[in-house]
Amino acid sequence: PVMLVELFFQAACVSLFLPGGQGRVYPGRKKPASFAVERRRVGPHICFSGFGSGCCPGWMLAPGSGQCTLPLCSFGCGSGLCIAPNLCSCPDGEQGITCPEPPGTCGEYGCDLSCNHGGCQEVARVCPLGFSMVETANGIRCTDIDECLSAACEGPCVNTEGGFVCECGPGMQLSADRHSCRDTDECLATPCQHRCKNSIGSYRCSCRPGYHLHGNRHSCV
C-alpha cells in the first residue's frame with residue numbers, strides 16, 4: 001500500500017507544461033474549465049487534479065515569477081534561509097527544520113537596565129562572584145557555588161556564601177597561603193610544669209629526675 005501511495009503522489013505532482021509550451025492533454029478528456037486561470041501556475045512543483053492545479057505541499061508561488069518554486073518552512077528559519085520544504089540552511093553551515101536564534105549582546109541570562117547621568121544602557125545580567133545563575137520555575141536566581149568541591153584545602157574546607165574557608169585540625173594552624181596547614185608549637189605557651197616536647201599536631205610533657213608526671217599529664221609530683 002505504501003508503494004501505491006508513493007506512485008500515486010509522484011504521478012500527481014507533474015508539470016502542466018511540456019518543453020514545447022503546450023498543455024498536457026489526455027485523449028477523450030476535456031481540459032478543466034479553470035485551465036486559463038491555472039495556466040499561470042508553472043514551475044517544477046505543480047500538483048493538479050480534474051478540478052484544477054496548484055503548488056505541491058511544501059511549496060508556494062514565488063512573488064516575482066508566479067511559479068511554484070518558493071519552499072515553505074513551517075517552523076521558520078530565523079537568520080537562515082529556507083531551501084526546501086521544512087529544511088533551513090543556517091548561518092553556521094548547519095541544516096535543519098529551523099535555525100537557533102543567535103545569542104543576544106547580553107548573553108544567555110538577558111539584560112538589566114543600568115541608568116546614570118549619561119543615560120541608560122542595557123548591561124548583561126550577572127551574579128556576584130562565587131554565585132551561579134540558575135533558571136527555576138519562578139525565574140532566574142543566583143545560587144551559591146560550593147567551592148569546596150574544587151578547593152585545594154590541606155585540612156577541612158568550609159563553604160561560605162560566595163567563597164570558602166580552609167581550616168586545620170587540632171594542633172595545626174593555617175599557613176599564610178590560607179590553604180595549607182602547619183604545626184602549632186604548643187610548647188611556646190608553656191603548658192607543662194617542667195619539660196615540654198613538641199610533636200606534629202600535639203606535644204608531650206615530662207618531668208625532671210626525682211619527679212613523676214601527674215595523672216593530668218601536665219604537672220610533676
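Student: How do β5 and β6 pair, and over how many bridges?
Tutor: They run antiparallel, with 3 bridges between β5 and strand β6 (residues 87-89). Strands pair if DSSP finds at least two bridges between them, and strands are DSSP runs (E, at least two residues) numbered from the N terminus. This is a predicted model, where local features need pLDDT of at least 70, side-chain atom pairs count only at pLDDT 80 or more, and totals for chains, interfaces and linings use all residues. Numbering starts from 1 along each chain as its sequence is written, and side-chain values use heavy atoms, leaving out hydrogens and water.

Student: Which residue is the bridge partner of A84?
Tutor: That's L87, in β6.

Student: What's the strand order in that sheet?
Tutor: β5-β6-β7, an open sheet of 3 strands with antiparallel pairing.

Student: Switching topic, where is H194?
Tutor: H194 is in the loop between β15 (181-183) and β16 (195-199).

Student: Buried or exposed?
Tutor: H194 counts as buried because its relative accessibility is 19%; the cut-offs are under 20% relative accessible area for buried, over 50% for exposed, and partly exposed in between (1.4 Å probe, protein chains only).

Student: What does H194 touch?
Tutor: Leaving aside residues up to four places away in sequence, H194 touches S206, C207, R208, Y211 and C220, where contact means heavy atoms within 4.5 Å. Its side chain also reaches the backbone nitrogen of R208 at 3.2 Å.

Notes
Helix = DSSP H or I, 4+ residues; strand = E, 2+ residues; numbered from the N terminus. Polar contact = N/O pair within 3.5 Å; in protein donor to acceptor, adjacent residues only side chain to side chain.
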